[in-house]
Amino acid sequence: MRILLISQYFWPEDFRANDIVLGLRERGHDVVVVTGLPNYPGGKLFPAYSLFRGPYREMWNGIEIIRSPLLPRGQASGIKLALNYVSFALLCSLVMLFRRRKADIVICWMVSPVTQVLPAIVAKALLRVPLVLWVMDLWPDSLFASGRVSNGRVIRLAGKLTRWIYRRCDVILGQSRRFVGHIRKTGELSHDRVYYMPQWEPPVPVADFDQGSLPPLPDGFRIVFTGNVGFSQDFGTILEAARRLSARTDIHWIIIGEGDALPWVRERIAEAGLQANFHLLGRYPFSAMPSFYAKADALLATLRQVEIFSMTIPTKIQSYLSSGKPLITAIDGEVAEIISESGAGFAAAAGDGAALAEAVEKMAALSERERAEMGRSGQEYFRKNFGRDELLDRLTTLLEKEAESPRDPDTVK
């Protein structure tokens, strides 16, 4: 099967799309990737790339990558980010016209923004093949939830665009069960066009990380948070929990990552006098995560108390479950259900600093044996629900079925 995968983000950026493509190729499929020039998360083009020189065509692990020019996102400010989104949508659509590749099916792996699906719709029309959209972020809900956009008119326009896009896809996959219902409602789509397809945890190239570069971690009870340090991650609730536990000098909050909220977090830590409890270690590659997990007593995930986040399964949840360490979460909805079903840890309500502090104290009071048992329960749940081979097989079967029965390029129902 010849597959054309379109995503604004791809290698050398660190996204799950990279392993999806590798997995499809492992199963004997010919995959071509169309993506942008890498500039995430720093906002500048990676050192080996240039707007004028590209490279606009590369080979990676035997996979052809076609790149589209775009304007870098900068520090995710409103205007620069909007230009980044629009430039990729327009210029990549032109790339589809001039660098057309034969394909049996088009798949678009979509984190924000939804505008990156537009080149996939162009490819679907040009090649007259089905389009499968895999949704990781819900629009326009994620615009409001991120706090970057509050203008009601802009959000309504984004909602209309999202509905228009959804209705031009043959099949849509949602990364959580709650996503499925939301997508069906937004696009007014029938049940046979929207399916649940969670993400999996890619194999971790541990050998790529120098264990000697791991920073020293403090003694005591270590709570490790990894990933984006953004306003969506609700560090206000984490700081409130830490403030309530400030007398516990043995409890340490270890933050691995960077993001828009990091300067704000640093200021609040200083104001609250929590410097001895917080350890902001910066960004590390994906290959370093197992080393940090191994040093953790518990792994932390939080999101703001917003409806869209109750529908979401952050990718770090799969990573955490697979690590064999217990989890502490302050996320409503689907994540709380996973924690309850798996027995992998304790779930506090989103936005509730007091409940999060209570969950941390409760976890710290357990014996190492009890925490290890929670970790094993999480691993077992991961194997049953988020196994890479099983989900890749499901994805491949679905793509093959759609490729064998192409539909009209203007499908809207």
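Buried here means under 20% relative accessible area, exposed means over 50%, and partly exposed is whatever falls in between, using a 1.4 Å probe on protein chains only. By that cut-off histidine 182 counts as buried, because its relative accessibility is 15%.

This is a predicted model, so a few ground rules: local features need pLDDT of at least 70, side-chain atom pairs count only at pLDDT 80 or more, and totals for chains, interfaces and linings use all residues. Residues are numbered from 1 along each chain as its sequence is written, and side-chain values use heavy atoms, with hydrogens and water left out.

**The overall picture**

The protein chain carries 15 helices and 14 strands; these are DSSP runs numbered from the N terminus, with helices being H or I of at least four residues and strands being E of at least two. With a radius of gyration of 21 Å, close to the 22 Å from the globule rule for 413 residues, the protein chain is as compact as a globular protein of that length. That radius is taken over C-alpha atoms, and the rule is 2.2 Å times the number of residues to the power 0.38. Along its principal axes, the C-alpha trace spans about 65 × 45 × 40 Å.

Inside the protein chain, buried residues make up 55% of the 413. Contact means heavy atoms within 4.5 Å, and of the contacts with a separation of 6 or more, 74% are between residues 24 or more positions apart.

How does the end-to-end distance of helix H2 (residues 78–98) agree with its 21 residues? At 1.5 Å a residue they should span 30 Å, and the end C-alpha atoms are 31 Å apart, which agrees. The expected span is 1.5 Å times one less than the number of residues.

The buried residues of H2 are Leu81, Asn84, Tyr85, Ser87, Phe88, Ala89, Cys92, Ser93, Val95 and Met96. An α-helix has 3.6 residues a turn, so residues three or four places apart point the same way.

**Two residues worth a look**

Back to histidine 182, which sits in helix H6 (residues 177–187). Leaving aside neighbours within four places in sequence, histidine 182 is in contact with Leu138, Asp141 and Met311.

Methionine 136 is in the loop between strand S6 (131–135) and helix H4 (141–146), and it is buried, with a relative accessible area of 4%. Which residues does methionine 136 touch, not counting those up to four places away in sequence? They are Trp109, Met110, Val111, Gln175, Phe179 and Gln199. Methionine 136 and tryptophan 109 are 27 residues apart in sequence, yet 7.6 Å apart in space, C-alpha to C-alpha.

Most residues other than glycine have a negative phi, and most peptide bonds are trans. Here are some exceptions.

| Site | Feature | Value |
|---|---|---|
| Tyrosine 40 and proline 41 | cis peptide bond | omega about 5° |
| Serine 112 and proline 113 | cis peptide bond | omega about 10° |
| Arginine 128 | positive phi | about 55° |
| Aspartate 234 | positive phi | near 55° |

Proline 41 is in the loop between S2 and strand S3 (57–60), while proline 113 lies in the loop between strand S5 (105–110) and H3. Arginine 128 lies in the loop between H3 and S6 and counts as exposed at 56% relative accessibility. Aspartate 234 has its place in the loop between strand S9 (221–226) and helix H7 (235–244), and is buried, with a relative accessible area of 14%.

On a 1 Å grid over the protein atoms alone, a cavity is a set of points where a 1.4 Å probe fits but cannot get out; a pocket is an open set with protein on both sides within 12 Å along at least five of seven lines, and lining residues have an atom within 4 Å of a point. Grid points are joined across faces, edges and corners, and a volume is the space filled by probe spheres set on the points.

The whole structure has one cavity of 30 Å³ or more. The largest cavity has a volume of about 30 Å³, and its lining is Arg16, Asp19, Ile20, Gln199, Trp200 and Pro202.

The second largest pocket has a volume of about 150 Å³. Lining that pocket are Ala296, Asp297, Gly324, Lys325, Pro326, Glu368, Arg371 and Ala372.
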